[in-house]
Amino acid sequence: MADQGIAIIGLACRIGAASSAQRFWEALCAGEELVRDLGQAELLDAGVPESDLAHSDYVRRRGVLDDVGDFAAEFFGYAPREAQVMDPQHRLFLECAWTALEDAGHDPSGHSGHSGLVGVFGAASTNTYRSIVDRYADLARTTGVIQADLGCEVDYLATRVSYKLDLRGPSVSVQTACSSSLVAVHMACQSLLGHECDTALAGGVAIQLPQVGYRYREGGIGSADGRCRPFDAAAGGTVGGDGVGVVVLKRLADAIADGDDIRAVVLGSAVNNDGSSKVGFTAPSARGQTEVIVEAQAVAGVKPRDIEYVEGHGTGTALGDPIEVRALTRAFRADTADRGFCALGSVKANTGHLDAAAGMAGLIKATLALRHRLIPPTPHFRLPNPACELPTSPFHVNTEPLVWASAGDRPRVAGVSAFGIGGTNAHLVLGEAPARAPGSAGRPGVVLVSTAKTPSALRRACDELTTHLAADPVQDIADVAHTLQVGREHFDHRQAVVRFPGRADEVVTGSRRDSSVLMLFPGQGAQHPGMAAGLYRTEPVFRDWVDHCCDLLVPELGRDLRPPLLEGDVRALEPTWLAQPAIFVTTYALVRLWQAWGVDPAAMIGHSLGEYVAACLAGVFDLPDALRLVAARGRLMGDTPPGTMVSVRLPAEALVPLLPEGAELASVNGPAHSVATGGPDAIAALRDRLSRDGVPCRPLRTAHAFHSASQEPAVAKLVDLLAGIGLRPPTRPYLSTATGDWITQEQATDPTHWGRQARDPVLFSAALRRVLAEGLWTVLEVGPGTGLTTLVRQHTEAAGHHVVSSMRRPEDTAPDRAVLLRATAKLWAVGVPLDWRGFAASERRRKVPLPTYPFERGRYWAGEEIRHQATGGPTATGAAGPQDPVQARVAAIWRDVIGVDRPGPADDFFELGGSSLVATQVAGRLGDVFDVDVPLAMIFERTTLAALAEGVEGLLLDRIEAIAEEPT
């Protein structure tokens, strides 16, 4: 099958007593029933008359879904009252769709790779919740008929998912009775093959309310004892079940290219109708079923003899089972006369009949069987139904788990059937997933990210991930990290774990906020031996830029810069003519690495030499010219007389009076941090005085007195060189440390500015203060060491801004990549957008199944008090409470229509779950209460309770004034 077909790359379900796909599979393998006995009390509570329960023919069994009234309303942005009138079928289908996408490693907000347009094809059983809603007049009054219609009608099942998850492909609700969900899968496959969408969700849901038993009637579809026995001699009918299931589909070639975890492949599918060639509208037709099976096999290019398992419709009825086996036999006999080679089963023996979701339950069972290479047993099967003629057919019903042995080079193949009352038949042919290419070896260390909408959900998500990793230690941790990075939507509450070989895990927590990235580039003195070696070994993007820069520098330096840049020789980078190009190359390559990972600066500050990096990135000069200038700058400054520099723990205004002759102020780095420069004797004298005064100071790693009079000959020659280069206006903002302010077009293109920049004091502190006052920043030092971030933290203005360094200090023994991963984790934790696909671009990574979002559900049920989830739900703050009669009445309307408690003046209508439809209800209620026409636009423009109340007061005043002006 090569790369043909449709891949099933994710799935999710809640069926009967199975709360997850894993639990469902475990139950199937154990031959466990997911149908349970119903107690007297719960049946009475559900409204079953005692007279019915008194009859011996009342069957007290059903495949009940627990907690069907629970829903993660806040997660999906639903107002409590809106959730309360919504059919649980819609609620659980929406939750299941989200879970299936996460299981597939597909971020609904990203649509990266080949995911593109996402279609939704869904099926639901007849709505029975609306009758419960309609019993409560107050509920209907507060929400309105339209709200109840939208929440309950099956027409909106698929489109609700598309709207809430922002999916732009086709969105279709499918109704063909019992075959609905398998028809939905067929339609999704056709949409994918026709390139109407690139990923598709397909599924079904069936929840009968109330969840009760039934009166047995001989000749009816229900069994006498509430057990379904497909293909068995004792088969006497089926039993009802509730469930929901969704699969995620993708064209196989795209799924392989994206590294998706393929569970099975839809090789072919077909849908038809019986027409009138049967005894009645509700009766099945062997002819129609045979034809749809043959067509699906032909589309798949599969011979019947290659199929070793069929998941049948299998209702366990006296009429349906024999017709189904007869149809299957006819379809298979067109190719083979062999007997008993194909296992036949029906999930209804485990789950009961799931109505519109029946085909989806069977598809998920068959998919998991291919995945695990195990055919689950069919419960309750003892003797074959004679009317099915199984002994002479190609089929047998296995009563024990059957290891699905390999058939040589031929892939395992299964068929899945679903037949609907009314005659719409569907059949799918599934193949096992192709062998998966292994992931690449990868780079050392990973960043495991977890996010959630609430702190409590984040704790649960982290705990579940930890448990999962402990239970499956052989899973490739790099694939796990990749799946979490690209296959999940990233919410506000975040935790990242940096896991690096030989080191303890580092945990970074944070909350997303709106901030911009300010990059800081160090100057000379930041260099240290081997400063680029670690990243050069592990980061291809960094290595490529270092190589490119070093190749361009060979004519300027007369040698290859890589050996002194990468080796650990203490003296290798001491010469200024090598140190300055080395710092520039390391910093520039690291910026390009960050940009490849999606981190781009909104502003930049370069400390002395670092300003050349900022100007180059801003387009003032291109990279070859920048390298030529930096090489010349280093050479010219290296030819100046010997000198030294000292870092002093004093503010500039306190240091200057202490400077002896021959010493100058070189840099103002912080409120109590300055640098002095000058000849060796002058600086020695200064150090002696500082020592006597108890002022801390530290000599810098320089052999010259930069930013002093000794540099003026070099500055003059540098200006001459710059005059011959076409300087361009900057295309992105940065601050100059020559002025302590934003660079101007005139300064950037003036060679004399660059002369002053090399001679005058470095005003780093002023530049930093200027930019920090203009917004919220995430400050990222890019270059060797942590000197600049240390200086930033000394500024009181830095409070509230996040400060991160990219590389280690010279004395730090941590691996360079571990330090970079820590910085990556810190940036992501505070909401800096990262391109995680760019992060892994040099590796071949795969998606793997991981725990999905831990929904925090509340109970939303008509006639009951709303019970929010563990977070308290979208309950209003109640801050200060309503302050006047108008606010109090507006608050009462919000409380009634939205379903929140104690709304306060500052609470926002839309943050509490309000929507355009809810807004119409609020506008109408305001009009009724205050007897004024409240325009809908007012609710959208005045979103807080206080602002809306003020608007209503304005309408009331206008009305009073209008009445006063009327003639008496």
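For my own record, two strands pair if DSSP finds at least two bridges between them. Strands (E, at least two residues) and helices (H or I, at least four) are DSSP runs numbered from the N terminus.

**What I am looking at**

This is a predicted model, in which local features need pLDDT of at least 70 and side-chain atom pairs count only at pLDDT 80 or more, while totals for chains, interfaces and linings use all residues. Residues are numbered from 1 along each chain as its sequence is written, and side-chain values use heavy atoms, with hydrogens and water left out.

**The whole protein**

I looked up the overall numbers next. The protein has 36 helices and 32 strands, and its C-alpha trace spans about 115 × 95 × 45 Å along the principal axes. Of its 968 residues, 59% count as buried, where buried means under 20% relative accessible area, exposed over 50%, and partly exposed in between (1.4 Å probe, protein chains only).

I also checked contacts, meaning heavy atoms within 4.5 Å. Among contacts with a separation of 6 or more, 78% are between residues 24 or more positions apart.

The accessible surface is about 36,300 Å², and carbon and sulfur atoms hold 52% of that; the areas come from the Shrake-Rupley method with a 1.4 Å probe, and for residues only the protein chains shown count as cover.

I found 7 of its 7 residues buried, so strand 6 is largely enclosed by the rest of the structure. V118, V120, G122 and A124 point one way, while G119, F121 and A123 point the other way.

I then followed strand 8 (residues 199-206) to strand 10 (residues 243-251). These two pair antiparallel over 8 bridges, and A202 stands opposite V247 in strand 10.

**H427**

H427 sits in strand 18 (residues 424-432). I got 1% relative accessibility for H427, so this histidine counts as buried. Its side chain makes a polar contact of 2.7 Å with the side chain of S417. A polar contact here is a pair of N or O atoms within 3.5 Å; within protein, one must be able to donate a hydrogen and the other to accept it, and residues adjacent in sequence count only if both atoms are side-chain atoms. Leaving out neighbours within four places in sequence, I listed the contacts of H427 as G268, S269, A270, V292, I293, A296, G415, V416 and S417.

**Helix 17**

Helix 17 (residues 477-486) is mostly covered, with 9 of its 10 residues buried. Among the buried ones I wrote down D479, H482 and Q485. The buried residues pack against strand 19 (446-452), helix 16 (455-471) and helix 32 (836-839). At the N-terminal end I found a cap: a side-chain oxygen of D476 lies 2.9 Å from the backbone nitrogen of A478.

**Helix 22**

In helix 22 (residues 610-617), 8 of the 8 residues are buried, so this helix is largely enclosed by the rest of the structure. E611, Y612 and C616 are among those buried residues. Just after helix 22, I noted that G619 takes a positive phi of about 85°.

**R817**

My last stop was R817, in helix 31 (residues 816-829). At 3% relative accessibility, R817 counts as buried. Its side chain reaches the backbone oxygen of P444 at 2.4 Å. Not counting residues up to four places away in sequence, R817 touches R443, P444, G445, F500, L535, T538, E539, W597 and F839. I also looked up M807: R817 is 10 residues from M807 in sequence and 8.5 Å away in space, C-alpha to C-alpha.
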